[in-house]
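Here is a short briefing on core packing and helix contacts. Please keep the model in view while reading.

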There are 2 protein chains.
Amino acid sequence: MNDRLGRQLDFVRELDKLKSVMRKNRLSDLSRLENSAEHSWHVALMALVLAEHAALPLRCEHAVAIALVHDLVEIDAGDTFAYGATGHADKREREERAATRLFGVLPAEQARQFLALWHELEADETPEARFVQALDRLQPVLLHQLTGGVVWREHGVTRSQVMARVAPIRDVLPTLWPVVEQILADAVKSGALRDS
Amino acid sequence: MNDRLGRQLDFVRELDKLKSVMRKNRLSDLSRLENSAEHSWHVALMALVLAEHAALPLRCEHAVAIALVHDLVEIDAGDTFAYGATGHADKREREERAATRLFGVLPAEQARQFLALWHELEADETPEARFVQALDRLQPVLLHQLTGGVVWREHGVTRSQVMARVAPIRDVLPTLWPVVEQILADAVKSGALRDS
């Protein structure tokens, strides 16, 4: 086997580990926490389904590629809970180190391509990166709706915390914004989300 | 909210269920069985990484889209174990019914697009469909390698059964074929795979 293929297969084997990185969200049937691999699949498919709602024209297939790799760094760096008190200070540094190590498993020129996808997401400037960032914030809101906001409730999350988190949806997916607002309003009403 | 967006979000919520469809394979750390959502993510990323090995020229982004939806019908039809004795007789009929119900949640023209992706995979004729079918067979072989073939061992799977299952890899991903042959040879040698 040539070295190039060997590195590609090492990377493919490495991917398996993302299935064991647990997020704080629960599946809609409340059976367990969601992991970052299945979350990434969900976001990638949302990109296919919801592309027409993006405010800016975009290359959907490029957004899908970004969605597929968007959480890969968590294999080394772990998932940082959006509403948690810890892990945010050195998140960027941990994830940058993880990206270098993980994409570096690939052949050099492919490593550069994949690293570029992840840096594009982090920079949050291109239409595709902003679209995936918005979907990445929308997906858990839909899960929270299906689970009666149990995770928000457990962690004492406030409406203003969630609003700050989901704000990109307003500009990037304007037709989705009233849906998000309604979900948050319902969650405040039911007591799942603290109104402050 | 308009009806079109409502149907799209219903579909997005429905997707969550694929995370609870369990396959027979174990994760590489043996901690649990793999589910079909994270498997689909793995196959979609493999399409991005391994596209250059396809014997026929293909549109990689189209293969990724097929990979993302390739197991969706299992939400209703369940996963059918490749080496199991049951479930194969009415598999096609169960899955066709599932596809009609599931993609039918989407707006009509989008339902047709997604159904067409799945039918393309099932027909196994286009370069993209054949590529995804081959990756879908390669992915578990790599997991079996990482787990010492524990699932093959448990189910008394034979070398000839696996050979029949992975045969498409030979034509579609010729540079991968020697890798697969070596994994199977090693598995026979270790006793994980019965030599018949």
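**Nonpolar core**

The largest nonpolar core has 135 residues, and the members that touch the most others are A:L72, A:L138, B:L72, B:L138 and B:W152. Such a core is a set of buried Ala, Val, Leu, Ile, Met, Phe, Trp, Tyr and Cys residues joined through side-chain atoms within 4.5 Å. Buried means under 20% relative accessible area, exposed over 50%, partly exposed in between (1.4 Å probe, protein chains only).

This is a predicted model: local features need pLDDT of at least 70, side-chain atom pairs count only at pLDDT 80 or more, and totals for chains, interfaces and linings use all residues. Residues are numbered from 1 along each chain as its sequence is written, chains are lettered from A and ligands numbered from 1 in the order in which they are written, and side-chain values use heavy atoms, with hydrogens and water left out.

**Around B:L138**

- Beyond its neighbours within four places in sequence, B:L138 is in contact (heavy atoms within 4.5 Å) with B:M46, B:L50, B:I169, B:L173, B:L176 and B:V180.

**Helix pair in chain A**

- Helix α6 (residues 108-123) and helix α7 (residues 127-146) of chain A have axes that come within 8 Å and cross at roughly 70 degrees.
- That makes α6(A) roughly perpendicular to α7(A) (65 to 115 degrees).
- A:E120, A:L121 and A:E122 of α6(A) make the contact with A:E128, A:A129, A:V132 and A:Q133 of α7(A).

**Helix pair in chain B**

- Helix α3 (residues 60-69) and helix α6 (residues 108-123) of chain B pack at about 95 degrees, with axes 9 Å apart.
- α3(B) is therefore roughly perpendicular to α6(B).
- From α3(B), B:H62, B:A65, B:I66 and B:V69 meet B:F114, B:L117, B:W118, B:E120 and B:L121 in α6(B).

Key
Axes fitted to C-alpha atoms, helices over the stretch in contact; angles between N-to-C directions. Helix = DSSP H or I, 4+ residues; strand = E, 2+ residues; numbered from the N terminus. Parallel < 35°, antiparallel > 145°, perpendicular 65-115°, else oblique.
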